[in-house]
Structures are given as structure tokens and as C-alpha cells.
Amino acid sequence: MSIHIPDNTRKVTTRRLVEMKQRGEKISMLTAYDYSSAKILDEAGIDCILVGDSASNVMAGNATTLPITLDQMVYHGKSVMKGVKRALVVVDLPFGSYQGNSKEALASAVRIMKETHAEAVKMEGGAEIRESVERILCAGIPVMGHLGLTPQSINKFGTYNVRAREEAEAEKLVQDAHLLEEIGCFAIVLEKIPAKLAERVSRELTIPTIGIGAGGACDGQVLVMHDMMGINRGFSPRFLRRYANVADIMTEAVGRYIEDVKTGDFPNAEEQY
Ligand code: KIV
């Protein structure tokens, strides 16, 4: 049996993600919205960076992802791209920029690609957005699908609870996943669905599934960087593993800085001209 040694310098492409699934190598993905964070994630070796519309929540402080605009996603996408050399960068098409009709959807995707230089877009939904996904794919723009808990539809769901527990919704999700694969999506995010269902979808598809709250059988995992870093302290769903407590580190550092300024300890003789 040969052991695969990951290539830490070769650019990650949509094609490479599919190859990773084929050889059973898990895909790591995190969100980023700015240059400095994206640079850190890229240099640490992350495979894929999602410029998520979760920027609406964690960057802008909105309660949902709905208010973020295409202009704002372009701004975040451009900033991230400047910090990335190796990771594949995917930018979310925001709410209202692709649901109207396929012409509008294509125009939104083209703007993202032309102005940010990212390599793919992500869109929420299945059969209901088929025409838009197909038109974008026809223009040569790679599309990542997103099924299960799709936060742009929060007002329809009325809750952020686990989706597709019922058979009818689970069957629709499986059909949508096959449809997205058939029309040419290169990967699908599965958000907050039962692990067994995600395992079935991952087994049946040849394109990779990237899970968030969808269990360990997915071909990759994605988390919102602010959640896993412990930047926003209040959010702790069951699926989240915290890798750091950055909010605590920042609070402590800011406290020491305030103290040093107040006491006149900062700046000292070496810290001035
Ligand atoms: O916007 C986002 O961060 C996302 C992830 C939760 C998958 O869509």
C-alpha cells in the first residue's frame, strides 16, 4: 500500500478536489473574508477557502446572511484572493443575486470571477436553481452546490435546526445532489443533515461532499473560521469543534494594552523616535 504525501505547494484546483475524493484524501475547507486571515489559512495548508456569505453574520453583525450584497462579496473576495497562493477559493453568490433568473445569475457569477479572480462560486439549492447553475457552468465557471440547511432560506425554514430528517426531504436532497453532479457541479456542501444521509450522498456521488454538521463520512469538512477560532464566543452548536479561544486571547491583550497606555508604560524609550 502506498502512502500519499500531500503536495503542499501545488495549486489546488476543482479537478484536484475530485481526485482527492478518488484516492480517499479528505478535503479541508474554512471560510475567510479578508487578506490577512486568508494568507494565514493558505500558508497553513488549507485546501479550500470559502468566501462565505456568513461574512454577513461574522463581519457585519447581521442576524442572517440575507443582507450581504454582491458588491460586498466582491470586496471580500478580492481581499482574500490577494492573500492566497495555493488554496482553491470559492465565493458565495449572495441572496438575491441568482434566484431571479439565469441571466441575472450569470451576470452575478461573471462579476465575481472578473473582479475577484476567485476560481469558483457556490450557490444554495437544487432543482429550483437548475437553470441558473447550468447557465453559469456553460460560461466555464465552476459551481459548488449547497444542500441541507441553506441559510439563505432561513425565512422559509423558520429555524436553524437539522434538515432532512423526514423521508420526503431526505429523498429530495438525494435527488438534488445527483442533479447537481449530473449538470456539472464539482462539489457540494452538505449543511446540518443527519450523518447517515450525508454518508449515503457521499457514497453515491463521484464529486466530493463537504460537510458542516453532516458527520464524518463526507469527503471534506468546512467550518466558519470565526466559530472554530473562538472569535465569536456565543455560538456553540453541537457540530462545532473549537480549536482556539481567540476572543479570550484578544480580550487579555487589549486589557494589557489599556493598562500600559493608562500607566504611561507604553510607549517606552525604545518604542519611539
Ligand atoms: O457562508 C458560509 O460560511 C457557508 C458555510 C457555512 C458552508 O456557506
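Buried means under 20% relative accessible area, exposed means over 50%, and partly exposed is anything in between, using a 1.4 Å probe and counting protein chains only. Keep that in mind for this predicted model, where local features need pLDDT of at least 70, side-chain atom pairs count only at pLDDT 80 or more, and totals for chains, interfaces and linings use all residues. Residues are numbered from 1 along each chain as its sequence is written, and side-chain values use heavy atoms, with hydrogens and water left out.

**The ligand and its surroundings**

- Which residues surround the ligand? They are Thr-31, Leu-50, Gly-52, Asp-53, Ser-54, Asp-92, Lys-122, His-146, Val-189, Glu-191, Ile-212 and Val-224, where being near the ligand takes a heavy atom within 4 Å of it.
- This shell splits into 4 nonpolar, 4 polar and 4 charged residues. Here Ala, Val, Leu, Ile, Met, Phe, Trp, Tyr, Cys and Pro count as nonpolar, Asp, Glu, Lys and Arg as charged, and the others, Gly among them, as polar.
- Lys-122 has a side-chain N or O atom 2.9 Å from an oxygen atom of the ligand. For Asp-53 the distance from a side-chain N or O atom to a ligand oxygen is 3.0 Å, and for Asp-92 it is 3.1 Å.
- On its own the ligand has 260 Å² of accessible area, and the protein covers 95% of that. Such areas come from the Shrake-Rupley method with a 1.4 Å probe; for residues, only the protein chains shown count as cover.

**Helix α6, a two-sided helix**

- Helix α6 spans residues 130-138, and its buried residues are Ser-132, Val-133, Ile-136 and Leu-137. Helices (H or I, at least four residues) and strands (E, at least two) are DSSP runs, numbered from the N terminus.
- What does the buried side of α6 pack against? Its partners are α5 (102-116), β4 (120-124), β5 (143-148) and α8 (167-183), with contact meaning heavy atoms within 4.5 Å.
- After α6 comes Gly-140, with a positive phi near 85°.

- Most residues other than glycine have a negative phi, and most peptide bonds are trans.
- His-117 isn't a glycine, yet its phi is positive, at about 70°. You'll find His-117 in the loop between α5 and β4, and it is exposed, with a relative accessible area of 56%.
- Ala-164 is another residue other than glycine with a positive phi, near 60°.
- The peptide bond from Phe-266 to Pro-267 is cis, and its omega is near 0°. Pro-267 is in the segment after α11 (246-263).

**Individual residues to look up**

- Arg-163 is also in the loop between α7 and α8, and counts as buried at 15% relative accessibility. Setting aside residues up to four places away in sequence, Arg-163 touches Gly-148, Leu-149, Phe-157, Glu-169, Lys-192, Ile-193 and Pro-194.
- Ser-102 is part of helix α5 and is buried, at 9% relative accessibility. Beyond its neighbours within four places in sequence, Ser-102 is in contact with Glu-131, Ser-132 and Arg-135.
- Ala-127 sits in the loop between β4 and α6 and counts as partly exposed at 42% relative accessibility. Not counting residues up to four places away in sequence, Ala-127 touches Lys-172, Asp-176 and Leu-179.
- From C-alpha to C-alpha, Ala-127 and Pro-208 are 19 Å apart in space, with 81 residues separating them in sequence.
- Gly-255 lies in helix α11 and is partly exposed, at 34% relative accessibility. Between Gly-255 and Val-90 there are 37 Å in space, C-alpha to C-alpha, and they are 165 residues apart in sequence.

Notes
A polar contact is a pair of N or O atoms within 3.5 Å; within protein, one must be able to donate a hydrogen and the other to accept it, and residues adjacent in sequence count only if both atoms are side-chain atoms.
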